[in-house]
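Here is a brisk report on one structure. It goes from the whole chain to single residues.

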Amino acid sequence: MDDINAPTRRKLFETIGKAGGMVALYQAMTSLGHAAETQFNGPPKLSGARKGSTVVVLGAGLAGMLAAYELTKAGYKVRILEFQGRPGGRNYTLRGGDSHTEIDGTTQKVEFSQGNYLNPGPWRIPHHHRTLLHYCKQLGVQLEPFIQLNHNAYVHNTDAFAGKPVRYKAVATDFKGHISELLAKSLQQNALDEKVTTEDKERLIEAMRGWGVLDKDLSYKSSLKVSGQRGYDQPPGAGLGGVPTPSNITTLHDVLDSKVWNTMSFYFSYVMQTTMFQPVGGIDMIGKGFAREVGHLITYNAKVSKIGQNAKGVTITYEDALTGAVSQAKADYCVCTIPLSVLSQLEVQVSDEKAAAIKAVPYSGQVKIGLEFKRRFWEEDESIYGGHSFTNQPISLVSYPNFNFFQKGPAVLLGAFASGANAYPLAGMTPEQRIEAALAQGEAIHPQYRKEYMNGTSVAWSRVPWSLGCCAQWNDESRKEHYQNMVSMDGRIVLAGEHASYYGCWMEGAMLSSIDAITRLHKRALEA
Amino acid sequence: MSIKDFTPSRRQLLSAIGTTAGSAAAMQAMAVLGHAAESRFTGPPQLTGTRKGASVLVLGAGLAGLVAAYELNKAGYKVRLIEYQGRPGGRNWSLRGGDTHVEVGGAVQKVEFAPGNYLNPGPWRIPHHHKTLLHYCRLFNVALQPFIQMNHNAYVHQTDAFGGKPMRYKEVATDFKGHVSELMAKAINQGSLDDKVSKEDKERLLEAMRSWGVLDKDMAYTSSLKVSAQRGYDLPPGGGVGGAPTPSAVASLSDMLDSKVWNQMGFYFNYVMQTTMFQPVGGMDMVGKAFAREVDHLITYNAKVTKIAQNAKGVTVTCEDMATGAVSEAKADYCVCAIPASVLSQIEMQAGDKMLASLKAVNYSASVKTGLEFKRRFWEEDEAIYGGHSFTNQPISLISYPNYNFFKDGPAVLLGSNAGGLGGSLLGGMEPAARIEAILAQGEIIHPQYRQEFMSGVSVAWGRVPWNMGGFSRWSDEARKDHYANMIAMDGRIVLAGEHASYIGGWMEGALTSAIDAITRLHKRTQEA
Amino acid sequence: MNIRYISHRLLVVMAMMGASVPALAVGPGFKLPPAETGEQVYVQACQTCHQPGGKGGAGAASAYPALANNPKLGVAAYPILTILRGRAAMPWFGGTLSSAQIAKLVTYLRTNFGNNYATPVTEDDVKKLSVNLPVSGE
């Protein structure tokens, strides 16, 4: 089993060698054993497209627009058909004056103040999503930090601390304190002598003492030193009364009630780790950036009904959503980035394997709710600047805006980000009921909610007509059976999108998938 | 049940909405009860009823002096602020291209940074709970931006761990908690903790360890895609045909212990280091400059205080004009002295023995901060490190990446050292050129691009800063016990202020809260007088 | 090899793989040179403020006392205590420097920079005056 490293490492070197020459190779070598950051090797280098070759791209989301952008650069004649009247797809932002309509016709009008917004779909960019970061730079999309980890936000569990929210810093410090004490004492009592060497045992005890802030007896107790992490009863000040007083730690039992390790683990997720970014002004700045480049290639309001192909080319039948007029678009090849949830309902001339793959992947149905309040009470009253408070209620979290910190006047926070079983009941409600639910749950964390509330809007992804779900949900089984069939080129058609990647639900997945698809399409076109 | 069919019953609705929501008042009480207080700050001081004509001399135009002057002036006092340097701010200071820095011993450094780049030699980050400072930033429209404190992708480097190779924080921190969880789970399963943990908690602890440590079904910490989803992959997930990820290999317990990563993990948990943090847009000195916009007309610059005298009627401060050498006296009813104890202890001051002794009882750090300018942001471009710190056990102690102008082309300045303790003394004892060389030699171990990309550097050895003679105050528990109360007590007509006269030493918040406390007591005294 | 762990040995092999890449040292890094002699301790810990040759600060920083020709070094306990406990601007070094290092440093100071107090200071002399200065919350 030596091989867990060998082949992949070699592959890595090949990748890096190609991308960056000696410096990059050296970097890779010195950092052997370091995980690679990305599969992105720079934008695709597609050149020498045959004169007059044409591609029709279906869908003007990020995958589609990237494909159009790069294929055009490579010399293809490209056309994009888009169902909606705007570019970006799920890369979109709701602002005051916008309205959005659900599958049953329910319409919400957004009432946010100028400058405030909700990103109903993607909203944060990991530092290692280098494809996306590359195009942001190329397209002049300005980014700002997304505050992911906020030690001062709350952890709320209805079954812990009598339903009272507690600060993450306090309960996470207590968690590691109690764990350290228990492990240090076990080690000291030689309970783990079979597992660790004498030398490591001593070092581990020292580690537990330092990391857990244990006292000289290796106990986790209330003290100023512990308060130097979990927060004080009276924080240090100045003058005569400046002396700080320690806070009281909570018991192991109470800490376990809080399940804070879930939150601690969340912050350790590869895709959730700091530093993260967001576009200044709303996530749709990315889609708009692409549209500045390829907007002239897009036919909007084009509802695709059939994707046909033969040995000579592809024929797309679509209906003008405004006039009802039906037309056909022909091209040599097709890059289809329509979400599977929608694509599975269209007539598509592909192999049975691909048709099966298209039907094999269900979509998640998250619900996001933006709530506008009269003032930033979370900042002003509670010193919470960005980041998330987590709760075991259906809303799942309250996430604070990462822009316009300290500003006076109305601000929008994310009042719910429900998924799985939590999402369906919320999605099934009317918009008014959803807001009421978000307020009722949110005020358990922030009692200022009712007094400061102005308006809100919710997006239930299972009810979004143009996407019928939020993003693709692969499991190990479907991945094994269908993934390669999904991504393989089928005649003159290739699929792209987050669903055709191992980075499901992330913009990076859509883009990496698109680069891979058009690279293969180009190779095929040159071989033809 | 399909989505379309789902119409919630009232009961379902109520259970979704209302399981936790009690009366708002009860929630309010609960939300507040038991939370640790965030700050002592309850708003700016309310000084009213100032006696007509009352005057105060403030010594030192650092943040303590500036806020004292601002608030006393607002309260109606006749205020004059005397400053040794030719600029406001004191240690609240930024160095930019064209600036010159002269050390004790005479060494001169000219800063060569490109426009827009800077080094904050002193304070550089603002915790979210430093509400006094945040209050004044907001009041004076000092724009703040996030200071990226915690970066999972930065390095942890120990010369005697992993063959001296830097590791990503995420890798080794994930391994730390993985191994700790595995051992913990073993101890629990062996019954080693039965006398300490109830049966119910034992089960829950095991669940916690499994989840937090990402243990496998045998409660072991092993390489897997699940573990890689925290520590990083060998080949991360991608798109299309070759999209499948491959796992990275976890480090052994023994190797992980070499890295001493718990020090970093603990650092990020420090109350004063926790996220969210901020920095002023454009340089830390934006804070001092903002204050100065309010009180600049009250400041006499380049005035070296040589004597602070007092009697029953008032205070007399003797100063020397640094440019002309002319000696003059300034008189007032009271004096707020915000000169650092390191300097003040050398000045003749008519104060009680207790206050004088307190000045010698508090010590100062001698840290060394160094700004290095590079041709490009290789840490971002090559290594996906955006802000935050890489830590090392070398004397430089860390490399800290700029938290502004992310993704920008062209030269950028990073913090090449923040050396404290002996590391600070060692680097500070070198002449600037040798210091930069030593800092490059240490830094290139972490970033081999250093030599190729280096442009220029400037270092501030606080032990050699003539106007401060040290970085920030450090109280031992013993000195605090014997001397703190004596330091802050008003002595006749003199009261001291500054970070040294607080329990928040080394932070701007300490200077501000100390000054507010001092002037509040001073004001009360004038009311009683 | 156990797939769970990437060993030091493997790392060494990997480093050798990189050996063909020119000109870049992969090393254990810059280490604080061992301060074994009194002079080394002086350079590493004291020179930053007291300046090369113990000449002390000048001008604005004249408060940094010169150690050259300084009669206060005549009584060994004075420098020992000052180093252990700090004084005004000067940080304390108790806990930072070992007793042996402090003994060598004080002996060095007393016999250099124009000072001529030949009696060596021993580690024991330092230990007798040693204090531990805890700082809460650090």
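## Chain B as a whole

Chain B holds 18 helices and 27 strands. This is a predicted model. The C-alpha trace of chain B spans about 85 × 65 × 50 Å along its principal axes. Chain B has 529 residues, and 60% of them count as buried. Among its contacts between residues at least 6 apart in sequence, 70% join residues at least 24 apart.

Confidence in chain B averages a pLDDT of 92. A score of at least 70 is reached by 93% of the residues. Residues 1–36 of chain B stay under 50 in pLDDT. For that stretch the model has 56 contacts beyond four places in sequence.

## Domains of chain A

Chain A is divided into three pieces: domain 1 (51–84 + 286–360 + 472–527), domain 2 (94–152 + 274–278 + 364–463) and domain 3 (168–251). Taken over C-alpha atoms, the centres of domain 2 and domain 3 of chain A are separated by 36 Å.

## The A–B contact

How many residues does each chain bring to the contact? Chain A gives 114 residues and chain B gives 109. On the side of chain A that touches chain B, the residues divide into 53 nonpolar, 44 polar and 17 charged.

## A three-stranded sheet in chain B

An open sheet of three strands in chain B runs in the order β7-β13-β8. Its pairing is antiparallel. The edge strands of this sheet are β7 (126–127) and β8 (144–147) of chain B, each pairing on one side only.

β8(B) pairs with β13 (residues 277–280) of chain B over four bridges, in the antiparallel sense. Within β13(B), Met277(B) stands opposite Phe147(B).

## Cis peptide bonds

Which residues does the cis peptide bond in chain B join? They are Thr275(B) and Thr276(B), with omega about 0°. Thr276(B) sits in the loop between α9 (262–268) and β13 of chain B.

Chain A has a cis peptide bond from Thr274(A) to Thr275(A), with omega near 0°. Thr275(A) is found in the loop between α8 (260–268) and β13 (276–279) of chain A.

## Helix α4 of chain A

Helix α4 (residues 168–188) of chain A has 21 residues. From first C-alpha to last, α4(A) reaches 30 Å, close to the 30 Å expected at 1.5 Å a residue. α4(A) is mostly covered, with 20 of its 21 residues buried. Just after α4(A) comes Asn190(A), which takes a positive phi of about 65°.

## Positive phi in two loops of chain A

Leu218(A) is not a glycine, yet its phi is positive, about 65°. Leu218(A) lies in the loop between α5 (198–212) and α6 (224–230) of chain A.

The loop between β14 (298–299) and β15 (302–309) of chain A holds Asn301(A). With 16 C-beta neighbours inside 10 Å, Asn301(A) therefore counts as partly exposed.

## Lys331 in chain B

Lys331(B) is placed in strand β17 (residues 327–332) of chain B. Why does Lys331(B) count as partly exposed? Lys331(B) has 14 C-beta neighbours inside 10 Å, and an exposed residue would have 12 or fewer.

Not counting residues up to four places away in sequence, Lys331(B) touches Gly314(B), Val315(B) and Thr316(B). Lys331(B) and Val56(B) are 275 residues apart along the chain, with 8.4 Å between their C-alpha atoms.

## Helix α14 of chain B

Helix α14 (residues 421–428) of chain B is mostly covered. Six of its eight residues are buried. These are Gly423(B), Gly424(B), Ser425(B), Leu426(B), Leu427(B) and Gly428(B).

What do the buried residues of α14(B) pack against? In chain B, the partners are β21 (368–374), β24 (412–419), α15 (432–446) and β25 (454–461). They pack against α2 (38–50) of chain C as well.

Notes:
Residues are numbered from 1 along each chain as its sequence is written. Chains are lettered from A and ligands numbered from 1 in the order in which they are written. This is a predicted model: local features need pLDDT of at least 70, side-chain atom pairs count only at pLDDT 80 or more; totals for chains, interfaces and linings use all residues. Two residues are in contact if their C-beta atoms, placed from the backbone, lie within 7 Å. Ala, Val, Leu, Ile, Met, Phe, Trp, Tyr, Cys and Pro count as nonpolar, Asp, Glu, Lys and Arg as charged, and the others, Gly among them, as polar. Two strands pair if DSSP finds at least two bridges between them. Domain bounds come from an automatic or database domain assignment. The expected span of a helix is 1.5 Å times one less than its number of residues. pLDDT is the predictor's confidence in each residue, from 0 to 100.
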